[in-house]
Amino acid sequence: MMQAIYDRLKDRFQLGALDVRSRKGLAFVDLRREFLRPVLTELRDVEGFTHLILLTAVDWIEDERFQLTYLLNNRQKNLDLGLRLRLDRNLAIGETIHDLWPTAATYQRELREMFGIAFPGSPRVDEEFILEGWTDMPPYRRDFDTLAYSQQTHADREGRETSDPREFMKQILYPKD
Amino acid sequence: MKHMDPNFRKDTKTEFPQREELKPRKVTTPDGQVIDIEPLQDYFCQEPPKVHQKSYFKIVEDFYNWCRAESLWILAFGTGCGAIEMRPLMTPRFDAYRYGIQWRATPRQANLLMISGYLSVKTLKRAIRTYEQMQGPKYVVGLGSCTINGGMYWDSYNTIKKLEEYLPVDLYIAGCMPRPEALLAGFMELKKKIKAGNAEGANKYAEKFDWYKANQKAVIKDWDMPDYNW
Amino acid sequence: MAEIAMMSGFALILLGIFGALTNRNLLRMIVAFSIASTGVNVVLVSIGYLPGRTAPILDAAVPLESAAAQIVDPVPQALVLTAIVIGLGVTALMLAYAYSLFRHRKSLDISDFTELKW
Amino acid sequence: MVSPILIIAIGLGAAFLLGFVNEDRKGIAFALTLAALAAMSLIALGWTLAFAAGNAQTADILTAGFPPPFAINLRMGPAEAALSLLVAATGFLSAIYMRDALYRHGRRAMAVLLVAIMALTGIVMTRDIFNLFVFFELIVIATGGLVLLSEDRRALAAGFKYLVVAQVISIMLLIGIAFVYHAMGSLNIDDIGPVALGFSGAGLALFLVLVALFLELKPFPANGWALDIYESAHPGFSAIFSAASGSAALFAADKVLATSPAWLPLATAIGIITFIGANILALRQNNDRRLLGYSSVAQIGLLLTIVGQRDLLGDSYLFIAGGVLVAHAIAKAGLFWMSGLVGHRDLKDWAVLRANPVLIFAFATFVAMLVGLPPFPGFYAKWDLAHILMAGDRAWLVALILIGALIEAGYLFRWFGFATKREAPEGFPGFSVNKMGIVFVTLLAGWTSGWIWGDLSANPNVLSMVPVLFALAFLVLEPLPARIKNLIAIAGLVGWFVFRYPAYDPLQLVFAIIILVGGAVIFLASFNWQGRRLGFYPPAMLMYAGLAMLIEAETSFTFFASWEILTLGSYFLILRGKMSEPHALSYIAFSLGGAFAILAGFALAANGTQPFEMAALADVAQTAAPYVFILLAVGFMTKTASIGLHIWLPGAHAEAETDVSPMVSGILLKAGLFGLWVLLMHMGQTQFYGINLTYFLVWIGAISAFLGGLMAIFQEDAKRLLAYSSISQMGYALFSLALMNHLGWLLALMFVINHYVYKSMLFLAVGGVYARTHTKLMYKMGGLITLMPFSFVSVLIGIIAMSGVPPLSGFGGRWVFYNAIMTADMRLPIILIFLSGPIGFLYLFRLIHSIFLGQLKDEHRKLKEAPFWLLVPQMIFVLFLLAFAVVPGLILRRVDAYISTFFPEGGLEWTSGGIISEFGYWNPVAIMLVIGVIFVSVFLLLLWMNHDAQKVKQFNIGFAGERPYRPETTHFAWNFFAPYRKAMGFLVLPVVTTFWNAVTDVLHETADFARKFYTGNGQTYALQALGFVVVLFLIGSGGTP
Amino acid sequence: MSIDWPRIGYAALTLFIVINYGMIMTALVRKIGARVSGRYGIRIYQNYIDLVKNIALRSKITHGVMYYLGPVFRLTGGVGLLLFVPTIYGSAMWSNFSFAGDLVLALYFVFFGTLGMALGAAESGHPYSAIGITRGLSQVTVAELPLALAVFAISLQYQTLNITDIVAAQQGGIFNWTLFTNPVATLAALFAFVGTMMRSPFDVVIAPQEIPIGPPTEYHSSYLALMQTNRVLFPIAKTVIYMNLFFGGATNWFEFAIKVFAIYMISVLVGVVHPRFRVEQSITFFLKWGLPVGVLAILLV
């Protein structure tokens, strides 16, 4: 079924390969930026993907890319389709889709705060979302080192031992190995 | 084991701007006169906290302390997963009421602040404000390892590690999370401490006010309240 | 004879009024009113007419002592004279108005002068 | 004595002489004209004075030396003399007024004016119907000429339309005259014998004459042509056309009708239809002159009605008709002349008159004259008319006349409101001095006529009553600074109280204290105003004068006159508020409606006897009594704003000035209560179809108390809240009064006192806050307690007193209330009262919370305490309330004893240990002591324990871990009782407002639809006139075959 | 005016007895509630500890004069109400200050504390306080209505407003109580009783879950102590009125204790089985059920 939808859209929007996952009815597909809105509109209005489950980002720091994932859901047919879009990491400006799904505004606000991806035109996008009084770089960027930040901000309690859970449990459970 | 980027330096230079509603503003009065409003001065009491002396007579103070110990009113404020562990205390199985413990909805009437779990910087601000709004003598109990050393959030950029740096903690109850029985045991310990006259957290806070404030302001960059929230 | 005069007088009045109310043209209305007032005058005279009597002129033919029995009633005739004079005055005034209206408004149609209403 | 024929001769002669004056010598021509008119006026004046002094006999002038019917004769009697004077004087003044126009048109125009005035006097004096016709035609011609004096081009068309219709009328008149002559054999009016009502032979002849004369009076609806003239002619001529022509034509009709009384009903019918119809149509007029035209038509209609009633009026006929006529003529001429001062024709453009306060005063005078308010002739005339008609079983006619008058008052006062409140145009050049002079002369004439009619009247002269004169004296004092005037006013009130003190019985005394002493206390607040404060003291003092006279009134006339005076004064007072224009209008509309009901009630009760003692209300005949009761009760209840008649109150009280609100709320409302009191005292047990009428009052009182309070809860505007609360409180008072037992009356009296005190106090407090914050919306305030502690204290004390919580005086009221209802017959309405008590608590709490408690706003942080002079009376009230709470007996004891003369049962026992009733007891001193001691002990205890409490600021609140954002978003005040609205909101749907709006809308829509009838086409007008005749003929002959 | 010292002494004693009785009784009621749900419950003297604890608080704040006076008004209202009503029938001294006024005084003095408390709470500037006041005032207007009607009915029945006289008329056997001679009025009054005791289902005023305890949100330390005192005193004072009017009064302290407890338990029992009403729901409830019963009461007398 997903394949059928993919076939219908593939040529018109120059989609990437369909990435079918293990779970039935879940698939991902890459697309180019200029086709984002047409594809989303088409999926929403024609193919029945009426629900935006989430909009999230992945920091592919090695590729100098942010990947935005728009996960859509078709309630009738129980299909989940993820659209993956890659943005230039140094010029992280996404296209707002709050007019298609009002909830997207919230996601975009979160992405703006946590990844520093701008969504011009999205309502209240520059307001604080979860963080309060944050002045450092967006914390979900991979070049933000949370441990280092934590060390530099909060002193460890003296005598606290930190172990690698994997090593620690191995020692306890299989002391012989 | 996690790597740490040796080159990472946190941003210490950027100042967070004052909140809009707290900036001094000019207002036109009904008579057309323009007056200056300084919200922090005009709307908040700027007095620092005071150190309160114990009663002159020891016997009175002992009696008071006994009453304080036997009448612990907990502020109904849950900061983390520990909030869940408090609920069973009201049930027939644990029945904390028989120890004179009860929950109050307003900080004005409560005298025990339970920090029930991890405390993000954002929540810390609320916790400080709430603590300061409680009337002394008042007690703070940290619940779980998160309040002790950060617990499983030890490497989080946004969670404090040592509660006593920010609030005068009377007692930690270890565990992740501590069970209700542990809480009850903790309350008993607290009572002993109060009865012994050692639970002077409020006075300690007032004495070392500057130190506490410095610690608090070091993590809370958008300090948008008076130094002491009466 | 008197009845005929009176009938025709009333006919003239009705005719005049009918004309005044149906013609839009100011001048025609004025003419119609003239006809009507003529009718009124005829009626007036016919009221004062007594059959078989003579004109109320006291001369040799009508001696003073028997005048009351010989002449027709003179009062209506006096009234008619007055009415004619007044009618003339009114007609003249109306004509003057019509002239003035036409000069200012370039129209003689009464239905054009309805800016004052309600 | 100069021969009256000279009036005509001079007019005619001067007109001829003008022909010889050189066209360029306009000054001479004008002087000649004025001299002629002055001479005519003087002759008429001489005759009038002679008649007034009783030195003259009615004189007949035989023109040709023959007795009638052989020659025309003129007659000079008292009415003729007065009318000639009216006509000639109007002509004289108008001539001066129209000087510019007359100069422009030259001597011919002056001649035409002279001819017109001459012809009008001729109509008044002649006794020959053909002569009448001639004069009428002369007037037609003269009118045709004079209309052209106007600079308005449209006058040309109007004049032509007039001529067309005049032709039709003259044809009818002439034929009629001819047939009358045929039937009677004479042209002399005195020879026209009584002609029976009929439509053949002599009847038809008379019908034609009459109908032509009626048409000259511009009857509704056949009067479109006249309105066009009014609208477009020169105002100076319109004044003549309205005041002089109308009066003369009316007199002509009167002369003819006098011969055949059988035709009077026809006149009545046409008159009353015209009166009401024209008044309704006037409602939608925006053009001032056309409005005056409608009003003129209406007034002539009223006069025709009065003419039609001459069979009943008898000796009073001249007094009544003359009163209405004079009032109409003077006021209408004055208004037309004033319209010439106003540059534009919309009603709102009259705001320009504010440039000169005397003109506003003149406007007010003329409006009051037209509506028939004291002290003007129309008032006396209306009073007598209503009484005679009621006694003659013509109540329906009284009702119609009063309804018409009410509508007229509606549009006139609305217009006055425009003039005083609307935006005045910028850069006004100033009024022409000579025109203004004419208006002032008219003004003087108006007041003089008021004095004359008062003097002629069998009743006391309003203008010779001391309080009224005192109030009027403030007109002269207006140039003084406000504070001096204030001092005089206070001295006057207190002085009058001291002077009259021995004469009051205890009930009057209580009211007198509230009105005179209380009024003086409120006047203390007026010291707050500086400058001259023009237009404040005369109406205020007029109101107090009315009130002071009201409580002493012994006869129904004095009572009613006082009532009207206080209504008028308070109207002008309320109108002073910034936004009060519509509210003042609805106030005066309701008040006049109520006053007319009272008038009808008194007239019905008096049944012809004059003067009618108030005490005689008890002896009204069984058949009439319930109607008298209902009429009077409705009248008084409009003043107390009982539910259904309440919609004027909130706006009027809320939008009034700060020191006016307590006057109209604390004091003025008591007038209605006093009226009800007097009514119940004398007619308390009146039955209507077996039901005691006081039962209805009990219900109305209870519903007012309940709904008034409920509406108060939902107000955002502090003064409106207080205003609705007044409705509720007055409901309480009405309820307790109508209980008709001893304690009920005592309770009502306590309400009278308490309501005065705390309502005045609260209005002043809110006014003081308003003076600082410039807003009345409560949610915009908050937290003012520290800035305005004194205002807070007075509101606090007011609230405790008002809600009936011990130990303050309100509790005494509740205690008496409980004791009073124990013996009441009705139980159900008491439920509403029970409910409205706590409801009062709700809105009062809202008042104090939203203003003084809660969060202080940014812009109010530097506010000062309310002005000193506003606080002074408040503090006096606070002290009084505290004292009254401890020793209520000081005042109530005497009243209690006095009430025992009406209800000997159920009194209170005043002992040193408290007040004891049949059912319970109450010891105010003990209560105060016990509560005081407990309170102080607890307070000291708390002080001991918490003396070291840290004073914090307004944002230091436990806000769920957050902090408040702004005071505006933290102050919980807007829609404060939202849950209450959810539960009870359906009870406060604006049903009554909707009803009254619908009434006015229907009237307005009717007017708007009906006035389309006047198409503006001359032919249509002529057709309407003919149609009028035909319809009249058909209806008449249908009635009498 | 001479001071009647013994009477003042008796009044103080009454106050002392009632406060202690109230402290114990409210604790007992809570303990019963706990036992019903299988808990041990608070200690019977817990109220005293809480009271002392609050008084012993070291730091206090004040929001202003009215805020300071609020609890004073509140407690004065409670104490005054108690002392204005004869506590023990047949004893001149235990009638305290009832010579100052009759039933009407008692009915209206109830509002004294409410008014003061509302003013004080409102000055704290806390929106929750204001919301709580709104709710409380809205509810009490209609909740008191059946009582007013019932009182009217029984004062008509006994033809007096004197409480002592009303109690006197009920002496001589349980069936002389108003409860039996006029059950409708009693029922109406009980509507009001349940409605004004600040217990479920009519406790939305202080609903802790949404508006942290309503009007007293900002009160603490000795302010709260005074209010706690009033909270044990005031319901009893009110109950005493009901007892005197409908349940035959009390001729000695023992009877007093039993009757007050029994009447008090009515509101407790209603409360434990009914969930909370919203304000408009309780208004509608009283109009729909309380009002008709009250009307019936005054019509049947």
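In this predicted model, Ile915(D) has Trp922(D) as its bridge partner in β7(D). Among the 5 pairs of chains in contact, D and E share the most contacts.

**The sheet in chain D**

- Strand β6(D), residues 914-916, is joined to β7(D) by 2 bridges, and the two strands run antiparallel.

**A helix pair in chain D**

- Two packed helices are described by the angle between their axes and the distance between the axes.
- For helix α4(D), residues 99-125, and helix α9(D), residues 235-259, the axes come within 8 Å and cross at roughly 30°.
- Angles under 35 degrees count as roughly parallel, so α4(D) is roughly parallel to α9(D).
- The crossing in which α4(D) passes α9(D) is left-handed.
- On the α4(D) side, the residues that meet α9(D) are Ala116(D), Leu120(D), Ile123(D) and Val124(D).
- Their counterparts in α9(D) are Ile240(D), Ala244(D), Ser245(D), Ala248(D), Phe251(D) and Ala252(D).
- By residue class, this contact of α4(D) with α9(D) divides into 9 nonpolar, 1 polar and no charged.

**Where chain E meets chain D**

- Here 67 residues of chain E are in contact with 63 residues of chain D.
- On the chain E side, the elements that give two or more residues are β1 (61-62), α3 (65-84), α4 (103-123), α5 (127-158), α9 (221-246) and α11 (279-300) of chain E.
- Helix α5(E) gives the most to that side, with 16 residues.
- The residues on the side of chain E that touches chain D divide into 40 nonpolar, 20 polar and 7 charged.
- Strands also link the two chains: 2 bridges join β8(D), residues 950-951, to β1(E), and these strands run parallel.
- Within that link, Gln950(D) has Ile61(E) in β1(E) as its bridge partner.

- Chains B and C do not touch, and their nearest C-alpha atoms are 47 Å apart.
- Chains C and E do not touch either, with their nearest C-alpha atoms 54 Å apart.

How values were computed
Residues numbered from 1 in each chain as written. Chains lettered and ligands numbered in written order. Predicted model: local features only at pLDDT ≥ 70, side-chain atom pairs only at ≥ 80, totals over all residues. Contact = placed C-beta atoms within 7 Å. Helix = DSSP H or I, 4+ residues; strand = E, 2+ residues; numbered from the N terminus. Nonpolar A, V, L, I, M, F, W, Y, C, P; charged D, E, K, R; others polar. Pairing = 2+ DSSP bridges. Axes fitted to C-alpha atoms, helices over the stretch in contact; angles between N-to-C directions. Parallel < 35°, antiparallel > 145°, perpendicular 65-115°, else oblique. Left-handed = near helix turned anticlockwise from the far one by under 90°.
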